[in-house]
Amino acid sequence: MGRIASGAEQGRFVRVEDDRDQSGGFLILTAADPALTVDAADGWVEDEPSLEQYFREANWIIEWAIE
């Protein structure tokens, strides 16, 4: 769990789930609250390079380990 410190969606919470066993990629969950229930959204990428590109394109700086 982390909080987007800057970039697109600044202030929202983010969690990345390794879903390679089910969907073959990574699920990216964002929301206005740390429980990921308020104004929630999701994205999906197929591999780690695509995940890194997703973060770069959003200009995200993440503060990780938010509880």
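**Aromatic cluster and sheet**

Mentor: This model is predicted. Tyr54, Phe55, Trp60 and Trp64 make up one aromatic cluster.

Trainee: How many aromatic pairs are there?

Mentor: The count is three aromatic pairs, by the rule that ring centres lie within 6.5 Å. In one of them, the ring centres of Tyr54 and Trp60 are 5.7 Å apart and the planes stand at 70°, so this pair is edge-to-face, the class for planes over 60 degrees apart.

Trainee: Which class does the pair of Phe55 and Trp60 belong to?

Mentor: The pair of Phe55 and Trp60 is edge-to-face, because its planes stand at 70°, with the ring centres 5.0 Å apart.

Trainee: Is Trp60 buried or exposed?

Mentor: Trp60 is buried, because its relative accessibility of 8% falls under 20%. Phe55 is buried as well, whereas Tyr54 is partly exposed, with a relative accessible area of 28%.

Trainee: Let us turn to the sheet. What is the order of its strands?

Mentor: The sheet is open and has five strands in the order E4-E3-E2-E1-E5, with antiparallel pairing. Strand E4 (41-45) and strand E5 (61-64) each have a single partner strand, so they stand at the edges and one side of each lacks a neighbour in the sheet. From one strand to the next, the twist averages 30°.

Trainee: How many bridges join strand E1 to E5?

Mentor: Four bridges join E1 (residues 2-6) to E5, and the two run antiparallel. Across this pairing, Arg3 stands opposite Glu63 in E5.

Notes
Residues numbered from 1 in each chain as written. Predicted model: local features only at pLDDT ≥ 70, side-chain atom pairs only at ≥ 80, totals over all residues. Heavy atoms only, no water. Pairing = 2+ DSSP bridges. Axes fitted to C-alpha atoms, helices over the stretch in contact; angles between N-to-C directions. Phe/Tyr/Trp six-rings, centres within 6.5 Å; stacked < 30°, edge-to-face > 60°. Buried < 20%, exposed > 50% of the residue type's maximum accessible area, 1.4 Å probe, protein only.
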